[in-house]
Each structure stands twice: as C-alpha cells, then as structure tokens.
Amino acid sequence: MAELADVSMATRARTRRPWSRIVGRAVVHVVLSAGGLAMIFPFLWMLSTSFQSAGALLVPPPQLIPSPIELGNYAEIASAFPLWRFLVNSLGVAAVATVLQVTTSAMAAYAFARLRFRGRDALFLLYIATLMVPLQVTILPLFVEMRFLGLVDSYPALVLPSIASAFGTFLLRQAFLGLPRDLEEAAFMDGAGHVTVFRRIVLPLALPAVATLAVFSFVASWNSFLWPLIIVNSPDLMTLPVGLSNLQGRYATAWNLLMAGSTVAVIPILVVYIVGQKYVIRGVTLSGLKG
Amino acid sequence: MVGQRGWQYRAVVLLFIAPSLVPLLLFTVGPMVAAAGLSTVRWNLLRPPEFVGLDNYVRLAADANFRDAVLHTVAYVSGYLPLVMVGGMLIALALNQRLRGLAIFRTAYFLPVVTSWVVVALMWRWLLDPGAGLVNYLLGLVGVDGPGWYNDPAWAMPSVIIASAWKDLGFVMVILLAGLQSIPEEYYEAASVDGAGRWTRFRHITLPLLTPSLFFVLVISLINNLQVFDQVWVMTKGGPAGATTVVVEQIVTNAFSYGQMGYAASMSLLFFVVLLLITLVQFRLQRRWVTYG
C-alpha cells in the first residue's frame with residue numbers, strides 16, 4: 001500500500017505543472033534541433049560546395065543550392081589526382097585490416113577465454129599493457145623496422161601494423177567469457193575439437209561482439225592518418241585521408257574540388273555508419289578511440 | 001573435455017595465439033622497446049647511427065621549439081576540454097528526457113565522430129575561410145568583422161579547438177548518455193516524493209552517479225587530445241608562424257623533415273612518460289570526486 005501511495009504521489013508531482021513542462025520540452029527540442037543541424041550542416045555545405053563552379057564560390061552571398069550545378073568538379077579532381085585509386089586503396093587496406101584483426105583477435109580471445117596454458121594470465125596482461133602505448137611512441141622504430149625490411153612505401157607496410165589488435169582481443173575475450181558453456185561441452189562429448197567448437201559454436205554465438213569489432217576496425221583503419229602519412233609516398237599507394245591532405249597542398253583554396261574529394265571520402269564511411277550504427281557507437285565508446 | 005596436456009594441446013594453444021602474438025611482438029612490443037634504444041642515438045637514417053647516451057634528453061630540456069609545442073598542446077587541451085565536457089553533458093542531459101526522436105539526434109551528433117579528421121579539417125578550413133567562408137559571411141551579416149581564423153596566429157589555435165570540439169561533442173555525449181540511462185528511475189521517484197526539486201535531484205542524484213562516466217571520458221579525452229595531430233597537420237601544419245605547433249607534430253617534423261630520428265624518439269618517450277603520469281594522477285585523484293555504487 002505504501003508503495004502504491006508513493007507511485008501516485010510521484011506521478012502527481014510530475015504532472016503538477018503541465019504547461020511549464022510542455023514549454024520546457026519544446027525549448028529542449030528546439031535547442032537540440034539547432035545543435036543537430038549544426039552537426040549535419042557542414043556535411044551539407046561540403047556536398048553543396050562540391051557542385052559549385054569555381055567562380056560562383058567567390059561571389060557573395062554563399063548559396064546552399066548551387067546554380068548552375070557544376071558536375072565537372074569530380075571529373076576534374078579525378079583527372080588531376082588518382083582519386084579513385086585512393087578510394088580503392090582505402091577500401092582494400094580497411095577490408096584486409098578488418099578481416100585480419102577480427103580473425104587474429106577472435107582466435108587469441110578463444111585461447112584466453114577457453115584454453116588453459118602456462119603463462120596465460122601474464123600474456124594477457126602484456127596484451128592489455130600494449131593498449132596503453134600510444135602510436136607516437138612506436139611509430140619511429142616501426143618506420144625504421146619497415147625500412148630495414150625494405151617495405152617503406154608498400155601495401156604490406158600499410159597493413160602489417162594492424163594485423164593484431166589488443167583491444168579486439170580484450171573485447172572478444174569478454175564476450176566469449178559471457179557465453180554459456182553447455183553447447184561447447186556437448187560438442188566436445190561428440191568428439192569435436194577446439195577448432196570446430198571455435199568456428200561452429202563460439203563465433204556464431206558471439207556475433208554481436210564480432211560485428212562491433214569488425215565495424216570498429218573498419219572505421220579506425222579507414223580514418224587512420226599518421227601511419228599512412230609517414231610510410232607511403234607514391235600517390236598510387238596513398239589512402240584517401242593522405243591523398244586528400246596532399247590535394248590540399250596543391251589546391252589550397254579550390255574549395256569546390258577539395259569538397260568533391262572530401263565527399264568521396266565520406267560516402268563509404270557514411271554507409272557503414274548508417275548500416276551498422278549500433279556497432280559503430282558501441283565500438284568507439286568501448287575503446288575510447290576515435291576515428 | 002579434450003586432454004590438457006601433451007604436444008597436441010600445446011599445438012592447439014599455439015595455433016590460436018600465434019597469429020596475434022607474433023604481429024603484436026613484432027609491430028608493437030618490439031618497437032616500444034626499440035624506442036628507448038633509438039632515443040640514445042643520433043641518426044638521420046642515411047649515415048650509421050651514433051651513440052650519444054642521454055644527450056638527446058639534455059638537448060630536449062633546452063629546446064625552445066619543443067617548449068612552445070608543449071605550451072600550445074596545453075593551450076589546445078585547456079580550450080577543448082571544457083567545451084566538449086560541458087557541451088557533451090548538456091546534450092546528454094537534454095537527450096535523456098525520453099524525447100521523441102532520440103535516435104535521430106544521436107545519429108546526427110555522432111556523425112562527425114566517425115568522419116575522418118582530414119575531411120573534418122578541410123570542411124572547417126572552408127567554413128572558416130577568412131575571405132569567402134560561410135562563418136565570416138554570417139558574422140558580416142550581423143556587423144562583425146570576422147577574424148583571419150587559421151591565417152592569423154592569434155586565431156589559429158581557436159580555429160583548431162572549434163573544429164575539434166565540434167567533431168568530438170558526440171563522443172562525450174554518447175558516453176555520458178549511457179551513464180545517465182543507467183541511473184535507476186526509482187532514485188528520482190523517491191527524491192520527488194521527498195519534495196526534492198529539479199536542481200536538488202540533479203545535484204544529489206544525477207551528478208554523483210554520473211561521476212564514473214565523467215571520469216572515464218575525462219581520462220580518455222585527455223590522453224587522446226594531448227596527442228592532437230591530424231587536425232593540426234591538415235588545418236595549419238603548425239603555423240602560421242609556428243603558432244599551432246604541438247608535441248606529436250614536433251615528433252613527426254623532427255623525425256621526417258629534419259632527419260633527427262633519435263631526437264624525435266626521445267621526445268616521444270618523454271611525452272609517453274608524462275601521459276602515464278597524468279593518467280596515474282587522475283586515478284589517484286578520482287577517490288576525491290568519483291562515486292562508485
């Protein structure tokens with residue numbers, strides 16, 4: 001009875017001033033919408049600029065809807081720079097890095113979560129410790145190493161440092177530890193080995209975590225800048241971010257061309273974000289790493 | 001269960017661990033250890049390295065450019081952190097009111113977070129273009145003569161800060177929103193029954209229970225942003241007149257433009273130690289203000 005009374009009083013307290021609540025909500029909505037617009041608008045402006053002619057950009061007032069619509073910017077930038085090559089490089093590097101990272105992380109995670117071996121906990125601690133080492137510390141020796149291997153300015157150099165992911169191993173180990181073991185034990189009874197159990201039972205059951213890692217790896221690789229900037233020099237090997245920053249050196253203020261290049265760089269990640277939003281947000285917030 | 005001894009079992013363990021352990025040793029742990037060695041040589045990558053002991057660190061202490069870069073980095077973080085923390089908090093609080101369209105707002109605010117820094121930096125260079133940019137045009141409409149933004153040494157760092165805060169607001173918001181949504185509704189109901197007003201509820205329920213999320217996002221943001229690089233490289237390249245040089249940019253410039261690998265390595269190691277210390281101090285201080293449970 002006491003609980004019931006509490007609830008009804010709480011409801012009354014909340015509905016006491018309906019008008020001020022409605023006004024308050026409206027204000028919050030307006031402010032949030034303005035903020036949301038501020039987040040979206042620069043993207044629209046980029047898109048709009050990419051269809052402007054060079055002359056129109058210099059004549060005020062700025063126009064959101066270009067007139068005339070200039071379709072040639074994309075062709076122009078693609079003929080002056082291997083823009084499509086950048087795109088293919090970025091897609092290729094991100095895809096390969098994602099597949100490798102998910103595979104190696106899942107396998108290591110299975111070992112840490114399910115197998116027993118000497119030194120397991122110490123080894124896991126080593127994985128965690130590498131999470132604290134920032135890229136700027138390892139990047140110089142890594143460059144020297146690639147130089148020693150004769151891999152400076154090559155595709156392998158772009159991918160090699162992202163074969164393994166300590167974060168991914170950690171994430172998937174947590175997920176595997178949370179899975180019920182009944183199915184696995186039944187499979188072992190039936191004579192299945194660890195490889196089968198890993199592929200047929202553990203991986204499918206942990207699919208949400210695997211998807212989170214996959215989407216996160218893809219976004220991180222797609223956006224990575226410092227390492228590709230340092231290790232690659234030939235335009236043919238550049239990823240989109242590096243290629244774009246080079247474009248900027250050449251077309252310092254040709255904003256219609258630069259925004260056309262930027263639009264090309266945004267579209268793939270936009271697709272991944274919209275399709276896998278749940279996983280993107282989870283991956284980025286769990287790792288604390290940003291694009 | 002499958003037997004846990006014998007060479008077969010060991011082979012299975014190796015099969016699962018090696019594909020990630022070997023690359024991790026080769027490309028993370030190895031370079032980490034090598035960085036210490038690298039910081040004790042003078043080496044331009046062309047001639048053989050020359051051992052100089054701790055000379056690089058001694059030189060670092062007297063390097064005015066490095067000192068400036070440290071000061072700029074601190075200035076950047078001091079401008080950036082309050083903006084994203086307060087901004088992210090306000091948006092999270094607003095979104096936490098069971099609003100209709102929550103998903104749409106969250107999508108919009110998080111979009112810049114997943115966008116490549118190079119794209120964001122170019123977008124903002126265009127918006128802030130001192131001549132034809134939209135921002136100065138709008139300022140002109142209300143009678144304000146817009147500044148030279150990234151072309152003006154006094155406004156270059158604020159330009160970088162504005163773009164960075166815009167990009168990361170959604171990141172802070174998502175983490176704080178998750179924190180807010182994990183606060184049990186009963187606490188608020190009980191407080192309302194006791195006659196607590198909005199502010200009291202915020203001050204005595206929301207804020208204390210949000211401190212773990214605030215702590216997490218503060219630690220992460222500080223570590224990430226002391227290493228600010230991408231946006232600076234694309235927006236200003238450290239200029240104009242060296243007004244926006246930052247630590248990681250100095251590491252890259254010294255290593256690859258000036259050919260001073262050893263010296264740059266000493267910078268990166270010193271900086272790493274400072275980052276660790278800052279994080280350690282934050283963990284120490286958390287007892288004073290973070291409420292768990």
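**View 1. Burial and contacts within chain A.** In this predicted model, 43% of the 291 residues of chain A are buried. Take a look at how the chain touches itself, too: of the contacts in chain A with a separation of 6 or more, 76% join residues 24 or more positions apart.

**View 2. The helices and overall dimensions of chain A.** Chain A has 16 helices and zero strands. Its radius of gyration is 26 Å, whereas the globule rule gives 19 Å for 291 residues, so chain A is more spread out than a compact globule. Along the principal axes, the C-alpha atoms of chain A fill a box of roughly 75 × 75 × 35 Å.

**View 3. Where chain A meets chain B.** Here 76 residues of chain A are in contact with 72 residues of chain B. Helix α2 (residues 18-49) of chain A supplies twelve residues, the largest share of the side that touches chain B. By class, that side of chain A holds 51 nonpolar, 20 polar and five charged residues.

**View 4. Helix α7 of chain A crossing helix α1 of chain B.** The axes of α7 (residues 135-148) of chain A and α1 (residues 6-38) of chain B come within 8 Å and cross at roughly 95°, so α7(A) is roughly perpendicular to α1(B). On the α7(A) side, look for Val137(A), Thr138(A), Leu140(A), Pro141(A), Leu142(A) and Glu145(A). Facing them in the contact, α1(B) brings Phe27(B), Thr28(B), Pro31(B), Met32(B), Ala34(B), Ala35(B) and Leu38(B). Sorted by class, the contact of α7(A) with α1(B) has ten nonpolar residues, two polar and one charged.

Notes:
Residues numbered from 1 in each chain as written. Chains lettered and ligands numbered in written order. Predicted model: local features only at pLDDT ≥ 70, side-chain atom pairs only at ≥ 80, totals over all residues. Contact = placed C-beta atoms within 7 Å. Helix = DSSP H or I, 4+ residues; strand = E, 2+ residues; numbered from the N terminus. Nonpolar A, V, L, I, M, F, W, Y, C, P; charged D, E, K, R; others polar. Rg over C-alpha atoms; globule rule 2.2 N^0.38 Å. Buried ≥ 20, exposed ≤ 12 C-beta atoms within 10 Å, placed from the backbone. Axes fitted to C-alpha atoms, helices over the stretch in contact; angles between N-to-C directions. Parallel < 35°, antiparallel > 145°, perpendicular 65-115°, else oblique.
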